[in-house]
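Here is a short briefing on one structure. Look through the sequence and the model, then read the points below.

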Amino acid sequence: MTVAAATACALPALAALFGLLFGRRVRPVLIAVPAGLAATVLTIVVAAGIGDDVRESAVRLTPTGALDITLGLRVDGLAALSAVLVTVVALLVQVYSAAYLREDPRYSSYAALVSLFTAAMLLVVYTGDLIVLLVGWEVMGVCSYFLIGHHWETEAARSASIKAFVVTKLGDVPFLIGILVLAAGADSFRIRDVLAAVPEGGAGWVTAGTLLLLGGVAGKSAQVPLQTWLPDAMAGPTPVSALIHAATMVAAGAYLVARLYPAFLAAHPTLIVLAVMAAATMIGSALAALAQEDLKRVLAWSTVGQLAYMTGGLAVGGRDAAVFHLLAHGAFKALLFLGAGVLIHVAGTGALAGMGGLRRRAPIAFWTMTAGLAALAGVPPFSGFFSKEAVLGAAEHTAGGHGSVPAVAGWLVLVAGLLTAALTAAYATRVWLRVFFGPTREAAPGAEVPAHADAADYGEPGRGGGEAPAAMVWPLVVLAVPTVLFGFLAFPGLPSLGGELGYDELTPHPATTVSALIALALGAGTVVAAWRRDPAADPARVLGPVRGPALRGFDVDGLYAALVVTPVRLAAKAARFTDGAVIDTYVKGAARSAWLLGGGIRRGQNGNTRLYLTGLFAGVVVLALAVAVGS
Amino acid sequence: MHLVYPLVLAVLLFGIGLYGVLARRNAILVLMSIELMLNAVNVNLVAFDMYLRDTLHAGQALTLFVITIAAAEIGLGLAIVLMVFRNRATADIPDLRELAEHKEGSV
Amino acid sequence: MNLAAAEHGFLSPTGAEIAFVLIGLVVLGSALLVVTTRQVVHAALWLVVTLGGLAAEYLLLTAEFIAWVQVLIYVGAVVVLLLFGLMLTKAPIGYSEPADRAARIPAATVALGATATLVTVIVDAFRTAYLHLGDDTVGTTKVTGESLFKVWVLPFEVLSVLLLAALIGAVVLSRSRARARSDRKD
């Protein structure tokens, strides 16, 4: 079993290596897609066979003298299901990219990087050792950096890739320290040992370690306060957004919490922080999503919000609910992004203002994306409805004082979740109406292409032509299947998640179901009403004065600039001044005195041997005198 | 005889030789001054040989060696001085300033 | 030592001591002239006096063989060589070395300093040491020759090689000069 999992990890890595080496001679598709297919089959085999078992195997790497680092796998139900999600989405994205980036000169390196990302993500999912997890975590970050910067000719892509890298690294610093704290407390880097070492009722090192880990989680999963990189990351090609910035990598933060869940469950302060983080992220991102003018940015902010549902579910003890939402979201959000790629291909622009009436021009995309948006909004019976229900159910359970998690976390997540459900329904409806209905709009002549847009997505054919190549359309259909049907797994429950922790019931409850449906109806109804009144106007106007700040992501970037960038610049200036005016004076003084001394001594070098000899003997006499007097 | 007499003679002779080496311009005169210093050493050697009643006569043997080496040294030294003189038409040591940092006006 | 010092006071010098001191004064005086006279040929001649005086001092120290070697090699060979050198560097009989006051003061300072230090140290160390010169056979040619060829034969032979090397060196130096000159003529 673990051998199959290891092979699944290794295959995409090998494909990436081959792709980078021979990508110019062999068609990259022929390397990337078979490897992805094989990895998919292997992960499905693993998931089918794992049941409720936990399989571990580990090879100790070189002795480090203190804590050993093991190259090991730990396969359980959570890991197996997540791996299936990763490989399936990666495979579909590879197929989709083959058509989407067919003309791209850098397609071979792109395909290799996506393969490498898949391998790294599988490593994160399967590994049983925290240090190895960190390795995969960082490799993912690097792949994300490269892929966001795929169109490095544009300024937007360059700055977005650097921003993504720096912001996530900012979270990775406490993440690394957190791993070390946990390892020091448990005296091992192995997840099994760490979890086994967590004492009943928690301990100081558990709280400290998990709080530090939250930094990495916030960075990777784009949670408040490190959320700003994700919308900008949409400058990457759309398939990359689907794979990395929607379905898999950003979910790694939530996955990590789920993986180490017993440790987090034992640290109540961490859970409360996580709940506050999730609540703030949910509402803020939903408002931002409602105000965005660009399809991909709407989806990006909605990703942030859905990730906040996951972290919120984790914060209230609903690990299974969160994982359920993770898997469901991975499917429908990948579908939405890939569909967005098709729409951009057809409409020739990513701006909502340039779309409209696409229902007829892209029928398959219309139907599949309708399913995806319905799942996003939580319309029954789509998968998102059940998974969101599960999260809200867990929150309600905790708010009611059941379980060991503080009730305040439950209340926070419950209220924020219901509010966000309404907002989510509102922006999903807004997108649905503006893209597929209404008059067919052309992008206004001379209208600026949004700065973050990837060049390949715009101005290319498709305008007036057919929908899109088959390789781009069929993945949508494939992804629509889980989007529609995945939710029904809630009734038997996800049997192999091994959920004896906290709240593990996934079946919808009447109270939350009713309130969530009311929220859904409110949100969607408001938007539809606004649309009815004036189909030409943007329903986002219901936001009123909040709309402007929400469009700019609530100016968090400006806040960072004021709080961090400006002080750092000032400190740098001060440091530069100190260096130039103070330290350099000493350095230059030392140099000057040496120069003067040398100039003085240089005078003695006049070529007169007698002078040299006189000096020599004078020195001897002085030494002899010193000896004679001293003795 | 008091040992101090030959020893003080040697020291004074050495000091005179040292002064000559440092003060004189002509290379041949410098060589002469070096001979004075060597002879001062010889006086020392002979005096101590006698004083210590050395059965191996190390002092006297060493004196002979010093005289021999001095002869060889003066021969080579003169050859070098003559060569310098042929090339530069001077045997004055202060005029030989090839080792100086080159500036305008220096030879 | 104390006994010896008591036996032989400085205030009752022997004949040999008086002779040694007198000749020593001559030696030092002529040496001083060697390093101070402006006439270079005079310097060479004063050198003869110095070296000859030293030979007499060796005789007084009963180092008979050394004394004769001193006369033969120094007075005979070395001084002649130096005179040849003076002539070859075209120093006329009346040539006077230019005054070089700037160099004299530091030179005198260093020399005086060295002398004063050494005199102080030596007098302090050996003021009671006494040299018994009763046995006048220790410096004869026979005794010196025996020790030279029995005990010191290896350094002696090495020294002969050194002399040979010096000879060859001198020849090479002068020959290269001659050849350079002939080359220039061609």
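Buried area is the accessible area, taken with a 1.4 Å probe, that two parts lose on being put together, summed over both. By that count, chain A and chain C bury about 510 Å² between them. Chain B and chain C bury about 7,300 Å².

This is a predicted model: local features need pLDDT of at least 70, side-chain atom pairs count only at pLDDT 80 or more, and totals for chains, interfaces and linings use all residues. Residues are numbered from 1 along each chain as its sequence is written, chains are lettered from A and ligands numbered from 1 in written order, and side-chain values use heavy atoms, without hydrogens and water.

**Chain interfaces**

- Carbon and sulfur atoms give 77% of the area buried between chain A and chain C.
- A:Arg610, A:Thr614 and A:Val621 supply 65% of what chain A buries against chain C, more than any other three residues.
- For chain B against chain C, carbon and sulfur atoms give 77% of the buried area.
- On the chain B side, B:Met1, B:His2 and B:Tyr19 lose the most area to chain C, together 12% of what that side buries.

**Helix pair in chain A**

- Helices are DSSP runs (H or I, at least four residues), strands likewise (E, at least two), numbered from the N terminus.
- Helix α14 (residues 295–315) and helix α19 (residues 407–436) of chain A have axes that come within 10 Å and cross at roughly 160°.
- Axes are lines fitted to C-alpha atoms, for helices over the stretch in contact, and angles run from 0 to 180 degrees between N-to-C directions.
- The angle makes α14(A) roughly antiparallel to α19(A); angles under 35 degrees count as roughly parallel, over 145 as roughly antiparallel, 65 to 115 as roughly perpendicular and the rest as oblique.
- Contact means heavy atoms within 4.5 Å. Among the contact residues are A:Ser302, A:Gln306 and A:Tyr309 of α14(A), and A:Thr420, A:Tyr427 and A:Arg430 of α19(A).

**Annotated spans**

- UniProt positions follow the numbering used here, feature names are shortened, and annotations may be inferred rather than shown by experiment.
- An unreviewed UniProt entry gives residues 63–110 of chain A the domain annotation "NADH-Ubiquinone oxidoreductase (complex I) chain 5 N-terminal". The span is 58% helix and 12% strand, with its end C-alpha atoms 37 Å apart.
- In chain B, UniProt (unreviewed entry) places "transmembrane region" at residues 6–22, 29–52 and 64–85.
- Residues 6–22 of chain B are 100% helix, with end C-alpha atoms 24 Å apart.
- Residues 64–85 of chain B are 100% helix, with end C-alpha atoms 31 Å apart.
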